[in-house]
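Subject: Structure handover

Hello,

I am passing on the structure below, followed by notes on what was found in it. Please keep it open while you read.

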Amino acid sequence: MSIQLLRIYKGIRNSLFSQMNKQFLIFLFFLMLSGVFWLMMTLNETTEQEVCIPVRLVGVPKNCVITTEISDTLKVTMRDKGYTIAAYLYGDRISPIQIQFANYANRQKGHGTISQADLQKLVYQKLSQSTKITAIKPDRLEFYFNYGKSKEVPVRLAGSVVPAKSFYLARTRFTPDKVTIYASKRLLDSISYVSTQHLRIVNFNDTVVRDIDMEKIKGVKIVPSRVTVTLYPDILTEETVEVPIRAINMPVGKVLRTFPSRVKVRFTVGASMFRRVKPEQFIVAADYNDMAANPAPKCKLTLRAVPHSVRNAKLDMQTVDYIIEQQ
């Protein structure tokens with residue numbers, strides 16, 4: 001075994017140090033050497049580079065609720081020697097910028113602003129003296145806060161929800177169906193509900209469940225910031241019911257009799273909702289005022305009320321025979 005390993009070693013050594021491979025190794029050496037010189041020259045040149053610096057809001061009182069967080073990162077464009085910029089990018093020379101809450105918080109307005117000039121001062125404290133800042137994004141930071149003022153508001157769906165053909169959206173459920181918002185008194189008074197982010201779901205015929213973030217509102221903290229929405233589609237079916245005709249605006253002492261006394265109403269409704277639909281939930285009316293203003297052998301019928309779950313309701317008959325009797 002050892003003899004075989006020795007033969008392999010000699011074969012590899014002879015191959016590496018053959019005349020051709022010697023030239024290749026010399027070429028690699030000078031290539032690496034030129035790469036090192038190029039890198040040193042590049043790092044010694046002045047350059048501009050965007051560096052991301054973390055930001056932290058510190059010193060927040062325990063009884064204070066931050067309703068809109070400041071951006072957690074500053075994008076700072078710096079000019080300096082290449083090796084200094086490389087140290088910022090790949091080293092640990094820049095620690096997070098700490099924004100002291102008390103220095104910028106306006107307690108009356110519930111709002112704090114850190115100007116571009118203040119941001120530059122805070123960043124320069126982390127940099128070498130030779131480094132110059134040429135740009136900062138964002139150019140200022142803002143945060144909003146209050147001292148526990150809140151209220152509960154309902155959740156509403158924003159977006160486009162279209163079930164498949166012959167289906168309709170029977171019910172939408174949110175979990176939770178209410179959220180707590182923290183904001184200034186002015187904002188709390190102006191907000192009656194909060195919406196989800198835009199949701200687009202089309203052509204579905206079965207229950208759909210989605211976790212979705214709430215739409216952000218400047219100066220408002222929403223808890224929880226994410227809800228579960230469940231969409232319940234139902235298949236549409238065409239049905240009919242017989243409904244009695246009601247006389248309206250009849251003078252005292254007069255009675256309207258129609259022939260027939262009941263008419264059919266056709267409508268579409270979700271299959272699961274049909275059992276809840278009752279004839280007495282419909283109102284088919286014959287108006288005495290119309291008959292008096294436009295005398296005719298037949299009286300006109302109008303569909304005055306339908307259940308909330310019913311769609312496309314229409315009468316089988318638009319007019320009927322009638323007589324008006326004196327009591």
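In these notes, two residues touch, or are in contact, when they have heavy atoms within 4.5 Å. Please bear in mind that this is a predicted model.

Gly-270. This residue is found in strand β19, which covers residues 262-270. Leaving aside residues up to four places away in sequence, Gly-270 touches Tyr-168, Asp-234, Ile-235, Leu-236 and Thr-237. Its C-alpha atom is separated by 10.0 Å from that of Glu-239, a residue 31 places apart from it along the chain. Gly-270 has a relative accessible area of 0%, and since buried means under 20%, Gly-270 is buried.

The largest pocket. This holds about 350 Å³ of space. It is lined by 14 residues, and those closest to its centre are Thr-67, Lys-216, Val-220, Ile-222 and Ser-225. The largest share, three residues, comes from β2. By type, the lining of the largest pocket divides into five nonpolar, four polar and five charged residues.

The sheet with β2. Strand β2 also belongs to an open sheet of four strands, in the order β2-β8-β6-β5, with antiparallel pairing. The edge strands, each pairing on one side only, are β2 and β5 (105-106). Three bridges join β2 to the antiparallel strand β8, residues 141-146. Within this pair, Ile-66 has Phe-145 of β8 as its bridge partner.

Regards

Conventions:
Residues are numbered from 1 along each chain as its sequence is written. This is a predicted model: local features need pLDDT of at least 70, side-chain atom pairs count only at pLDDT 80 or more; totals for chains, interfaces and linings use all residues. Side-chain values use heavy atoms; hydrogens and water are left out. On a 1 Å grid over the protein atoms alone, a cavity is a set of points where a 1.4 Å probe fits but cannot get out, and a pocket is an open set with protein on both sides within 12 Å along at least five of seven lines; lining residues have an atom within 4 Å of a point. Grid points are joined across faces, edges and corners, and a volume is the space filled by probe spheres set on the points. Helices (H or I, at least four residues) and strands (E, at least two) are DSSP runs, numbered from the N terminus. Ala, Val, Leu, Ile, Met, Phe, Trp, Tyr, Cys and Pro count as nonpolar, Asp, Glu, Lys and Arg as charged, and the others, Gly among them, as polar. Two strands pair if DSSP finds at least two bridges between them. Buried means under 20% relative accessible area, exposed over 50%, partly exposed in between (1.4 Å probe, protein chains only).
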